[in-house]
Amino acid sequence: MHIEVDSDGYQSPRAGGIFLFSLVAFLFLLFVFRFWYLQILNGEDFAQQAQANRTREEQVYATRGLLQDMHGRLLADNRPALCLALVPDDCPDIPATLAQVAQWADLPLSVLASRLQLDTRKIKPFEPQVLVSDIPFEQMVLIEKQLFQWPGLSIVARQRRFYPEGELFAHVLGYVAEANEAEMEADPDLRLGDVIGKSGLELVMENPLRGANGLNRVEIDVLGRQLSKTQKYPPKAGDNYMLSLDIDLQKAATAALEDHSGCIVVMEPETGKVRALVTRPSYDNNLFTTRLSPEDWGMLRDNPEHPLYNRVIQSVYPPGSVWKLMMAGLFLSEGINPKETVYCGGSFKMGNRSFRCWRAGGHGTVDMKRSLVESCDVYYYSMADRVGIDKIERFAKSCGFGSKTGIDLPHERTGLVPGKAWKLAAVKEPWQKGDTLNVSIGQGATLVTPVQIAVYVSALLNGGKLHKPLLLENEPPEVTGLLPLDQKQMDFILDGMHETAASGTARVINRPDATMGGKTGTAQAVRIGDVRLRAAQMAYLHRDHAWIATWGKKDDKTYVVVVMVEHGGGGSSTAGPVCAKVYSALFDEKAPEPGSSEKPSAENVSAPQGQAAGRSD
């Protein structure tokens with residue numbers, strides 16, 4: 001390229017012009033490319049981000065579903081609660097703000113910091129995050145006066161669960177409480193401050209009761225102030241449910257237990273609907289809807305009477321003589337003639353050991369029906385020795401024992417029907433004939449829940465159908481199995497129960513205005529050796545458990561009532577009067593005074609046993 005230069009060294013501006021033109025062209029192309037990148041290639045995404053800077057999304061919390069008794073009276077309600085929330089994006093000094101909230105709420109700063117850190121992983125920093133739930137109104141008034149000093153903090157209204165009947169239905173309803181870290185990690189819909197069911201029906205029915213939250217779109221200005229609000233989609237309230245339980249009956253049954261530790265279950269045999277489910281001692285489930293203090297939790301957790309346990313489904317006990325209702329069914333199914341007799345002289349000899357009857361002098365000649373009415377242990381020893389443990393185990397399991405009933409409550413236990421394989425695995429010892437005798441009277445390793453007894457007695461009344469116990473009024477009956485008995489055999493057992501209520505150990509429940517049937521049981525809690533003692537002579541925890549399993553018919557109503565009193569002493573003397581009061585509430589009349597009897601009962605003596613066989617009646 002030729003460039004002219006004069007004598008003074010001056011260069012023509014042509015080269016500089018080309019460079020300047022190239023630079024301008026490059027910058028122009030760069031701007032065009034950037035414009036294309038921003039407006040065309042990613043224009044939609046950036047538009048959405050710009051819109052997000054102008055609007056925020058706000059959760060609208062759904063109302064938790066209500067729970068009512070069979071007459072529509074509230075058992076679980078919702079009440080407004082004031083909470084303190086933080087919007088991290090609007091807070092210039094989060095550590096100082098958290099320190100102030102910790103002081104207001106009397107909470108460790110580390111707890112609030114961990115809560116906030118957990119929740120920021122789940123929600124956007126411009127959304128309010130609840131730090132403290134359900135602050136008392138008086139305290140919130142004082143806090144509100146200082147809020148202007150703490151940008152980002154605000155008072156939000158949420159709902160708090162309220163149980164009008166308190167401890168009366170605590171074990172059925174359960175309770176709700178704030179979701180913990182593990183629960184929030186497992187459920188993406190949960191956020192800091194959300195409450196969920198932790199036990200009872202609140203836990204089992206969590207999803208339909210919780211409903212679904214809605215969403216609002218909030219328009220804000222550059223300072224974050226709200227300009228307008230529109231609903232993106234509305235919240236869906238949780239479902240309401242009517243339970244099969246009756247408040248009045250529940251109160252009457254609870255009062256009947258008085259200060260005893262124990263439980264009561266009332267069931268309709270034709271449907272499986274549970275009309276009352278009482279377990280004592282109980283607790284106030286409202287304690288858990290607010291911040292439960294360490295002192296309150298310690299009192300509940302360490303209480304030796306275990307108030308958090310639902311004894312109807314979670315506690316297992318030796319059934320004592322109520323087990324004889326099942327054993328009688330087994331004997332009938334095995335073709336044993338109910339007229340066949342056994343002589344009871346007060347004990348049954350097995351090798352070099354004697355297994356005693358609860359009546360020291362014996363019952364004399366006993367057939368099957370009399371064995372039920374007077375609860376003769378020797379009859380069951382003799383027949384069980386003939387039948388053997390394999391058939392006992394198989395028949396008991398076919399009657400629903402050793403399995404869950406399926407009731408819609410968490411942590412139901414199966415109980416235990418012992419057998420040869422079980423003992424070899426659990427105790428590393430072979431089965432002995434003495435073990436069979438213990439099982440025959442509901443002792444040894446045999447364990448049942450009160451609800452299992454209620455289901456079995458109900459099946460005797462409804463034609464052999466093992467019903468799932470129902471807690472919802474509108475839920476249809478659900479049959480989970482059938483008793484391996486025909487109608488004639490079931491009628492025989494029911495007739496024996498009727499005679500037991502009329503003149504035997506369950507006569508405390510007898511009524512002139514109804515047809516009644518029952519079977520008492522006195523189950524040994526610990527082995528006490530070969531010394532006969534009255535209940536009052538024994539330490540409380542060594543006393544026998546008191547059982548009574550009953551049914552009653554009046555007009556067109558039939559109910560099954562099962563009562564179990566822990567360490568109550570005797571079935572007829574302790575559980576029987578409690579049961580009579582429940583029938584008084586059911587049939588709307590006063591129960592008759594229990595008649596006197598010249599016959600000694602099991603609750604007045606403690607029979608020495610071989611192989612740890614306990615008093616059964």
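Colleagues, the model is predicted: local features need pLDDT of at least 70, side-chain atom pairs count only at pLDDT 80 or more, and totals for chains, interfaces and linings use all residues. Residues are numbered from 1 along each chain as its sequence is written, and side-chain values use heavy atoms, with hydrogens and water left out. Helices (H or I, at least four residues) and strands (E, at least two) are DSSP runs, numbered from the N terminus.

I begin with the sheet. Five strands make up an open sheet, in the order S12-S11-S21-S20-S19, with antiparallel pairing. Strands S12 (274-280) and S19 (515-523) stand at the edges with a single partner strand each, so one side of each has no neighbour in the sheet. On average, neighbouring strands are turned by 5° against each other, direction ignored. Two strands are said to pair if DSSP finds at least two bridges between them.

Let us now look at strand S11. S11 (residues 262-267) pairs with S21 (residues 557-565) in the antiparallel sense over six bridges. Across that pairing, Cys263 stands opposite Met564, and Val265 stands opposite Val562. Six bridges also join S11 to S12, again antiparallel, and there Val265 faces Leu277. S11 and S12 form a hairpin with six residues between them, and Gly272 in the turn has a positive phi of about 85°.

How many residues of S11 are buried? Six of the six are, so the strand is largely enclosed by the rest of the structure. Here buried means under 20% relative accessible area, exposed means over 50%, and partly exposed lies in between, with a 1.4 Å probe and protein chains only. In a regular strand the side chains alternate between the two faces of the sheet. In S11, Gly262, Ile264 and Val266 point one way, and Cys263, Val265 and Met267 the other way. Helix H10 (residues 247-257) lies across S11, S12 and S21, at about 35° to S12.

I turn to the helix pairs. Axes are lines fitted to C-alpha atoms, for helices over the stretch in contact, and angles run from 0 to 180 degrees between N-to-C directions. Contact means heavy atoms within 4.5 Å.

The axes of H14 (residues 377-387) and H17 (residues 433-440) come within 9 Å and cross at roughly 130°. H14 and H17 are therefore oblique to each other; angles under 35 degrees count as roughly parallel, over 145 as roughly antiparallel, 65 to 115 as roughly perpendicular and the rest as oblique. Tyr380, Tyr381, Ala384 and Asp385 in H14 meet Lys433, Thr436, Leu437 and Ser440 in H17.

For the second pair, the axes of H12 (residues 324-333) and H19 (residues 487-503) come within 10 Å and cross at roughly 145°. From H12, Leu325, Ala328, Gly329, Leu332 and Ser333 meet Gln489, Phe492, Ile493 and Met497 of H19.

Finally, some features of the loops. A cis peptide bond, with omega about 5°, joins Arg280 and Pro281, and Pro281 is found in the loop between S12 and helix H11 (294-302). His306, in the loop between H11 and H12, has a positive phi of about 50° although it is not a glycine. At 41% relative accessibility, His306 counts as partly exposed. Lys428 lies in the loop between H16 (420-426) and H17, with a positive phi near 65°. At 65% relative accessibility, Lys428 counts as exposed.
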